[in-house]
Amino acid sequence: GGCCPGASHNRFAYNSAGQVRIRAGLPIYECNSRCRCGADCANRVVQHGIRYDLCIFRTADGRGWGVRTLQRIRSHSFVMEYVGEIITSEEAERRGQVYDRQGATYLFDLDYVEDVYTVDAAHYGNISHFVNHSCDPNLQVYNVFIENLDQRLPRIALFATRAIRAGEELTFDYNMHVDPVDAESSRMDSNFGRAGLGGSPRTRPRVECRCGAASCRKYLF
């Protein structure tokens, strides 16, 4: 019908309630300013921004600040976008060494097709800056394209993997790997935790994980 998924030969990503229905790893193409549909089109979700009441809180187990939802979130619903300053991978490596010495990093590689750019949410961003890691997260990363269709610059959207209770902390896996579904999905690999970390794995400092999940891997990376 002239909407973006059809024009780009990709599946329509959402159901009528705005819940994502494609598997993680597949790209989401939302309608944009060139589409004939209106603002209420079911293919306009991420572009409408955060729709849930969220708050920042201080964790009690030494993980610093965190984010929790103040209302119930439906499974597969869009929760927030990870935003920040877009920098080159070379600059991300330089900043990553500084952040590593400080014991914190907010770098997210945009490596959907190639590792050229990184999002740095250290100084510019939104509430996603405070979302903690978990080895058993309730948020899943998707690559989204709206106005900009450059595959090197996807927007990073976080969707609920399940129904989330009011008052529950929101988390995503900083070292997420998506199992290949097909040739398209195999290109997605978030590697939030390793962004900007140069050198070989043997020389990188190991960061202990404190997520407390039963399936905890003990180390972030």
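I looked up Cys211 and listed what it touches (contact meaning heavy atoms within 4.5 Å): apart from residues up to four places away in sequence, the partners are Arg63, His133, Ser134, Cys135 and Cys216. I noted that this is a predicted model, in which local features need pLDDT of at least 70 and side-chain atom pairs count only at pLDDT 80 or more, while totals for chains, interfaces and linings use all residues. Residues are numbered from 1 along each chain as its sequence is written, and side-chain values use heavy atoms, with hydrogens and water left out.

I placed Cys211 in the segment after strand S11 (171-172), where strands (E, at least two residues) and helices (H or I, at least four) are DSSP runs numbered from the N terminus.

I then followed Cys135 to the loop between strand S8 (132-133) and strand S9 (139-145). Leaving aside neighbours within four places in sequence, Cys135 is in contact with Cys209, Cys211, Ser215, Cys216 and Arg217.

I checked the UniProt record, an unreviewed entry, which places the feature "binding site" at Cys135, Cys209, Cys211 and Cys216. These four span 82 residues in sequence, yet no two of their C-alpha atoms are more than 8.5 Å apart, so they gather at one spot. I kept in mind that UniProt positions are given in the numbering used here, that feature names are shortened, and that annotations may be inferred rather than shown by experiment.

I turned next to an open sheet of three strands, in the order S5-S7-S6 with antiparallel pairing, where two strands pair if DSSP finds at least two bridges between them. Strand S5 (85-88) and strand S6 (107-110) each have a single partner strand and stand at the edges, so one side of each is left without a neighbour in the sheet. Neighbouring strands of this sheet are turned by 30° against each other on average, direction ignored. I found four bridges joining S6 to strand S7 (residues 117-120), and in S7 the bridge partner of Leu107 is Asp120.

I also saw that helix H2 (residues 89-102) packs on this sheet and touches S5, S6 and S7, its direction making about 105° with that of S5. Axes are lines fitted to C-alpha atoms, for helices over the stretch in contact, and angles run from 0 to 180 degrees between N-to-C directions.

Last, I noted that Arg68 lies over the face of Phe57, at 3.8 Å from the ring centre, a charge sitting over a ring if NZ of Lys or CZ of Arg is within 6 Å of the ring centre and within 35 degrees of the ring normal.
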